[in-house]
Amino acid sequence: MDPLSEKDLIQSAERQRKAQSLDSHNLLNDQFSNPPPSPNSPRKSRPISMFVHPQEKLNQTSETLNNNNLNIMPTPENTIPPSTPFSLASEVDVASINSVKTVETNNTGDQESLYSDILERANNPQGIIKMLCELDGGLGIALERVKQDSVSAKEVAIFLRKRALLEEEYGRMMIKLAKSLQESHNTNDTKQGSYGDSWLKMLKLHESIGENRVKFAAAIQEISEDVSSLYKETDKTRKHLKDSGHKHEKAIQDSETALEKARGKYESHSEDWERTILQKNGDIPPTSKPRTLTKVFSKQSKSPTQLVKMEEDARNKAEAANATYRHHLTTTNATRHDYYEVHLPRMITTLKDTADECDIGLQYHLARYSYLFENTMMSDALVITPVNEDDGPALRKIVDQINNDADFYAYVQSYGAKTRKIKNYDIPYDQYNMSVQAVNIMNPKNIFGVDLAEQMQRDGHEVPLILVKCCDAIEQYGGLQSQGLYRVSGVTSYIQRLKTLFDRNAEMVDLNSEEHLADVNNITGVLKLWFRELPDPLFTREMYQEFINSSKITDDKKRVLELHERVNNLPDANYSTLKYFMGHLDKVVKNQEYNKMSVQNLGIVFGPTLMGSPNVNGPNSTSIPPSLSGITCPVPQSDGPALNDMGWQCKVVETILMNYHSIFVM
């Protein structure tokens with residue numbers, strides 16, 4: 001695993017870019033004292049670090065500021081064109097800084113010498129710390145190493161804790177098993193004699209082994225707690241130093257950002273000052289863009305007094321920008337120097353000490369565990385096979401003391417006086433018990449085509465099981481959001497299969513299986529089929545005309561009150577079934593955004609199904625109802641007087657469903 005994350009790499013590249021930008025823009029006075037090196041001159045070595053070491057740059061910057069306090073601004077004679085690059089300080093020779101070993105940047109160094117240098121530092125703690133201070137992302141490497149230590153300690157603590165639980169459970173169960181068998185030995189029909197004596201000795205031996213394991217578990221638990229404390233302390237220190245490092249790095253980034261802004265303002269005002277000087281002397285700046293004739297004449301028309309005033313204002317602005325630029329430069333270099341010379345070595349040293357403490361502590365606790373494990377295994381071995389005979393016989397000798405012939409003879413002798421003759425009797429007939437599925441096939445509990453009141457009385461349920469199971473399956477497994485619910489038809493063969501299962505035994509049908517939930521339309525189809533095959537519809541033929549007449553009332557409130565009264569007059573079985581089903585349809589309507597089934601659509605689907613046809617000899621409605629909410633009701637399959645009442649049948653279901661809470665709940 002790479003110790004540097006992607007975020008750290010991006011931040012490091014940004015800091016290097018800013019450092020290079022600082023190196024390419026030095027104070028103006030240093031431009032003449034430090035000319036750029038020639039292409040053939042040898043390159044100086046740089047340390048492998050997050051930034052160029054700031055110590056020498058800070059010293060040179062301080063000397064430059066002290067020597068130029070009285071002449072901080074360039075004059076027209078030594079003004080450098082804006083296109084000329086200049087650096088902040090001369091190249092740093094890091095060989096004299098803290099004796100830091102370096103790597104040549106010309107990529108021609110001896111690899112074997114570099115490898116031996118790394119090995120030499122690895123055996124020297126101070127060398128390792130110095131090497132980490134030199135490396136790009138050294139703090140991140142040290143943090144990652146301490147993180148590995150803490151994770152390793154956490155892993156060991158988890159293992160020891162779980163091992164302690166296993167050992168404790170094993171030991172306690174072993175003790176419990178041995179004691180329970182000892183107590184029940186004389187009461188059970190087990191063999192006595194030499195076998196019984198040997199068996200009790202073996203149980204005692206296993207009880208001793210269980211006690212050893214309980215002690216071992218307690219010792220492991222103690223080690224686990226110590227390792228857990230070590231992990232927490234290590235991780236706490238790592239997080240604290242990580243936050244501190246991020247804080248210092250952010251301070252450097254903020255300081256460099258401020259320096260970049262100050263340098264930009266300084267260059268802009270210096271360029272303006274240079275332009276006013278050239279205009280004052282009648283020259284056109286070489287870098288200026290071509291101007292229109294109006295602007296040229298306007299510039300030429302300014303008086304010498306105005307040009308002097310402009311030059312003085314530009315000079316004052318440039319001086320102020322230069323002072324700000326120097327201030328930010330000093331602050332930035334001081335911040336970087338403080339980080340690389342003080343904070344970074346201190347944090348890496350602390351991380352190294354934390355890693356050493358965790359490594360040594362973890363190794364010590366593992367040694368404790370190894371000793372306890374070995375001691376426990378030896379104790380178990382001495383219990384099974386003692387060295388001294390005074391400690392008792394070994395397990396194998398205990399087994400060898402069993403005499404089966406003598407035990408069997410003693411057993412027969414003890415029961416000799418209690419024997420009796422064998423009685424010869426006929427074997428009784430054992431009837432075969434069929435499975436529940438076969439019994440249901442032979443003795444089905446039909447629900448399709450059976451009167452609703454008869455079903456309720458026979459099964460002892462307030463609401464038919466088929467209605468409860470179908471509604472629950474639809475509501476619990478996302479059926480309420482299925483588009484076209486109750487309108488889209490299922491597979492006829494599958495619906496007939498579900499009908500057969502419900503007719504055998506509705507209590508044994510499980511609609512929650514993946515097979516039945518594959519298509520929710522099959523479940524809705526079998527439920528609609530059950531309603532259609534009721535001998536007497538849910539609204540009953542006897543009350544058919546009352547519901548139709550109530551639906552024809554134009555006043556909404558009166559129509560709801562009349563239908564409410566008709567619903568209350570339904571038989572108990574029909575009322576409870578209608579209440580449960582309307583509650584289910586109310587949930588369907590609440591999800592009409594997904595299933596596209598409004599109250600009107602559900603009324604169209606269930607109007608003819610729940611109302612059925614009136615009595616042939618009863619009064620019929622001959623009026624043709626108007627279109628309901630712009631929707632034409634479908635024509636049923638059967639002929640009869642109900643043909644002209646279909647619209648009113650839909651209106652009955654629609655009105656009851658829209659007023660479900662006021663009719664059934666309130």
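**View 1. The surroundings of T524 in the predicted model.** Leaving aside neighbours within four places in sequence, T524 is in contact (heavy atoms within 4.5 Å) with I474, L485, Y486 and V488. T524 belongs to helix α17, residues 520-532, where helices are DSSP runs of H or I with at least four residues, numbered from the N terminus. With a relative accessible area of 0%, T524 is buried; this term stands for under 20% relative accessible area, found with a 1.4 Å probe on protein chains only. The model is predicted, and local features need pLDDT of at least 70, side-chain atom pairs count only at pLDDT 80 or more, and totals for chains, interfaces and linings use all residues. Residues are numbered from 1 along each chain as its sequence is written, and side-chain values use heavy atoms, with hydrogens and water left out.

**View 2. The packing of helices α7 and α9.** Helix α7 (residues 194-280) packs against helix α9 (residues 304-384) at an angle of about 170°, and their axes, which are lines fitted to C-alpha atoms over the stretch in contact, are 7 Å apart. The angle, which runs from 0 to 180 degrees between N-to-C directions, makes α7 roughly antiparallel to α9, a term for angles over 145 degrees. The residues of this contact comprise 36 nonpolar, 25 polar and 17 charged, where Ala, Val, Leu, Ile, Met, Phe, Trp, Tyr, Cys and Pro count as nonpolar, Asp, Glu, Lys and Arg as charged, and the others, Gly among them, as polar.

**View 3. A stacked aromatic pair, Y266 and Y325.** The structure holds 14 aromatic pairs, that is, rings of Phe, Tyr and Trp (its six-membered ring) with centres within 6.5 Å. One of them joins Y266 and Y325, with 5.3 Å centre to centre and 25° between the planes, and is stacked, as planes under 30 degrees apart are called. Y266 lies in helix α7 and Y325 in helix α9, 59 residues apart, and both are buried.

**View 4. An edge-to-face pair, Y486 and F581.** The ring centres of Y486 and F581 are 6.4 Å apart and the planes stand at 90°, so this pair is edge-to-face, the term for planes over 60 degrees apart. Because Y486 lies in the loop between α14 (465-476) and α15 (492-504), and F581 in helix α20 (residues 572-590), the pair ties together parts that are 95 residues apart in sequence.

Note on methods: Helix = DSSP H or I, 4+ residues; strand = E, 2+ residues; numbered from the N terminus. Buried < 20%, exposed > 50% of the residue type's maximum accessible area, 1.4 Å probe, protein only. Parallel < 35°, antiparallel > 145°, perpendicular 65-115°, else oblique.
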